[in-house]
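Please read the following points alongside the coordinates.

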Amino acid sequence: MMKKTIIKMLMAVALVGTVASCSDDDNTIPQVNIEESTVTIDNTQPGKVVFNWTKPENPDYYYIKIEFDDPVKGHRVLNASSYSDQITIDGLYAKYGELPYKFTAVSKDGGEKYLFTKEAKAGYVPAVIKDYEGAVINLTADQLWTDAQEPTEGPIANLIDGNNASFFHMRWSDPVAPFPHYIRINLGKKYNNVSFWYKGRNSANHNPKKMTILASNEEGETPEAANAWELKKLTSEVLPQGLAPEYTSPALYSEEGFQYLWLRVEESWSGQKFICLGELSVKEMTRSIYDPENEPIK
C-alpha cells in the first residue's frame, strides 16, 4: 500500500512539473518591438544616459526592460512602457566609461525577447566649486594707479581712506580721453583668488556700466603692456547705477597667481568718458573644489 502511495505522489509531482513547464512555454513572446537602428544615445546631460528610439505603430510588448551593471550600485533594472520612446538613466558618472545596456521586450504575461545591447557613457558631472571670503587685503595709496586721474579733484588715494564722503574721480577736464580707462591695484604679493568691493560716489551716477577684470604679474600702463590675462567680464546686468551703489564682485580665480588686479572701465552709467567712486577694497578668497569624476570608484 505504501509503495503505491509513493508512486502516485511521484506521478503527481511529475504532472505538476509538466503543467508548469507548458505554462512557461505558453507565455507570449513580443513580436513587434523597437528596432535597434532607431536607437540614439544622448549623453550631454551630467551623470545621465538618455536612450531615444522610434516607437512601433502597434507594439505588442508591455514594456522594455533595460539592465546594466552599475560599478557602485550593482545590477540595475529600469523599465519603459510601450507608450514611451525614451528612457533616462541617471546617477552615473563619465568615469564609469562605456557600460553595456541590455534591452529586452516583455509581454503582459511575462514573456521576454532579448532585443540588443547598446554601450553608452554618461555625461561628465562637473566639479562643485565653492569660494569663501577671507581677510581684506591692506592697501596703501601707492599701490593704486590710474591712467586718467582728474588733476583738480578726487585723488585715487580717496578710494581707501574709509570716508564715504570723499571720492576718486577720473579725468573730466580737457583733454578727456575715450574709454577704456584703468584702475590698477598692486596687491603686494601673489594671490590666486580675490574679490573686490566698491561704493559709488554719494552725489553722482558716474558708476561703471561695463568693465573687464584682468590680472598680471607685471606693472605696465596697459594690460597689454603688462601681459595681463582676463579674469571676468562685468556688464550692466550686474553693475549697479544710482547714488552710492555698492557692488561686490564674484570670486576672481586664476590657477596662475597674480600680483596686479586691473579694472578696465569700458563704459559709464552717466554716458560720460569717466567714472568716480567713493570707496574700494579687495579681499582674499579661498576656493574648495570637489570633483566627483576624479574620486576613486568604490
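1. Where is the place of N227? N227 is in the loop between strand 12 (208-216) and strand 13 (229-234); strands here are DSSP runs of E with at least two residues, numbered from the N terminus. Phi of N227 is near 55°, a positive value in a residue other than glycine.

2. This is a predicted model, in which local features need pLDDT of at least 70 and side-chain atom pairs count only at pLDDT 80 or more, while totals for chains, interfaces and linings use all residues. Residues are numbered from 1 along each chain as its sequence is written, and side-chain values use heavy atoms, with hydrogens and water left out.

3. A244 also has a positive phi, about 50°, and is not a glycine. A244 sits in the loop between strand 13 and strand 14 (246-248). At 19% relative accessibility A244 counts as buried (under 20% relative accessible area, 1.4 Å probe, protein chains only).

4. Cis peptide bonds join D174 to P175, with omega about -5°, and F179 to P180, with omega about 10°. P175 is in the loop between strand 10 (168-169) and strand 11 (181-200), and P180 is in the loop between strand 10 and strand 11.

5. The structure holds 12 aromatic pairs (ring centres of Phe, Tyr or Trp, its six-membered ring, within 6.5 Å; planes under 30 degrees apart are stacked, over 60 edge-to-face, the rest tilted). Y182 and W262 have ring centres 5.9 Å apart and planes at 90°, so this pair is edge-to-face. Y182 lies in strand 11 and W262 in strand 15 (residues 252-268), so the pair ties together parts 80 residues apart in sequence.

Methods: Helices (H or I, at least four residues) and strands (E, at least two) are DSSP runs, numbered from the N terminus. Buried means under 20% relative accessible area, exposed over 50%, partly exposed in between (1.4 Å probe, protein chains only).
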